[in-house]
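Let's take a walk through a protein together, one step at a time.

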Amino acid sequence: MRDLSLRLDLCAINTATLGHRSPIEEVIELVARHGFGGICPWRRDLEGRDAQTVARRIRDAGLQVSGYCRSTYLPALDKAAFDAALADNRRAIDQAAALGAACFVMVVGSMPQGSRDLPRARAQVEEGTAILCEYARRANVRLALEPLHPMYANDRSCLNTIEQALDLAERIEPSQGARPLLGIVVDAYHVWWDPHLARDVRRAGMAGRIFAYHVCDWLAPTRDMLMDRGMMGDGVIDLQMLRSQVEQAGYQGLVEVEIFSEQDWWSRSAHEVLSTCADRLQSSC
Ligand code: ZN
């Protein structure tokens, strides 16, 4: 396992960690000044901006782009809405290409409001991902499917385990020994509970399909299903164990901090958040 002490250049900050309170230009400067090696912007950070200009700014700050968040949900009640979601995702893939992002993060969605048809949502995710995969190939952008904790299975994601995401990736893009374009995000928050975690991380790594690694912590108790992610070291996840598994599986990319924390970390100063991330990456991850 890589030693992260004095190696913040191996670490990245997902801009959600700072609560989207400042313009991306300021966030880039802050993240670089604190010594991190990368940044993962969200589409909302680029609203009203030219992706090339933001890309140049990130490069000039000496940062890599560990990913670009995130896809528009794919499942829809009718074809028009499904096609609109695809079109939206194609625009985002173009932006990911302009940014030189290591991957475009796919949070795939689940049952549209009013639906109880989970198999249909899964089928639409498969169909949509296959279509976007072709587009991403031409844009030279890797797509990273992010399985989400099953507490989000009704709305945010009908992909809930690494195994399920890998099976989907293999069906759409069977391994042929070449560098795959379709892979996964391993996000500690979403997968730590999985009894097959070690096995499936190994499988993902052997297939060269781990495109990103996200960290934060699972707080006990968790007060909000979305907005109460913990700082690394404050919860119950064995983050050092997980990173050792991810890296033993061959992952050499950045370790990215992604914390949604409306009540706590988003109310603190960016400096405090980033300094704490830096400390905890080196002591608890
Ligand atoms: Zn994530």
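This is a predicted model: local features need pLDDT of at least 70, side-chain atom pairs count only at pLDDT 80 or more; totals for chains, interfaces and linings use all residues.

Which residues hold the zinc ion? Its protein donors are Glu 146 and Glu 258, each through OE, Asp 187 through OD, and His 214 through ND1, and they lie 2.1 to 2.2 Å from the ion. Along the sequence, the donor residues follow the spacing E-x40-D-x26-H-x43-E. Glu 146 and Glu 258 link distant parts of the chain, as they are 112 residues apart. You will find Glu 146 in the loop between strand E6 (143-145) and helix H5 (162-172), while Glu 258 sits in the loop between strand E9 (255-257) and helix H9 (270-284). Glu 146 counts as buried because its relative accessible area is 2%, and Glu 258 is buried too, with 3%.

Now step back to the sheet. Its 9 strands form an open sheet with parallel pairing, in the order E3-E2-E1-E9-E8-E7-E6-E5-E4. At the edges are strand E3 (64-65) and strand E4 (68-69), each of which pairs on one side only.

Let's follow strand E7 (residues 182-187) in more detail. E7 pairs with E6 in the parallel sense over 3 bridges. Leu 143 has Leu 182 in E7 as its bridge partner, and Leu 145 stands opposite Ile 184. E7 also runs parallel to E8, joined by 4 bridges, with Val 186 opposite Tyr 213 in E8. Is E7 mostly covered or uncovered? It is mostly covered: 6 of its 6 residues are buried. Helix H8 (residues 239-248) lies across E7, strand E8 (210-215) and E9, running at about 170 degrees to E8.

In soluble globular proteins, nonpolar side chains tend to be buried together. Here the largest nonpolar core has 102 residues, and Phe 36 and Leu 281 touch the most other members. Helix H3 (residues 79-99) gives the most to this core, with 7 residues. Leaving aside neighbours within four places in sequence, Phe 36 is in contact with residues including Leu 8, Val 31, Leu 63, Leu 274 and Leu 281.

How values were computed:
Residues are numbered from 1 along each chain as its sequence is written. Side-chain values use heavy atoms; hydrogens and water are left out. Donors are N, O and S atoms within 2.8 Å of the metal (3.2 Å for Na, K and Ca); water is not among the atoms, so sites may look incomplete. Helices (H or I, at least four residues) and strands (E, at least two) are DSSP runs, numbered from the N terminus. Buried means under 20% relative accessible area, exposed over 50%, partly exposed in between (1.4 Å probe, protein chains only). Two strands pair if DSSP finds at least two bridges between them. Contact means heavy atoms within 4.5 Å. Axes are lines fitted to C-alpha atoms, for helices over the stretch in contact, and angles run from 0 to 180 degrees between N-to-C directions. A nonpolar core is a set of buried Ala, Val, Leu, Ile, Met, Phe, Trp, Tyr and Cys residues joined through side-chain atoms within 4.5 Å.
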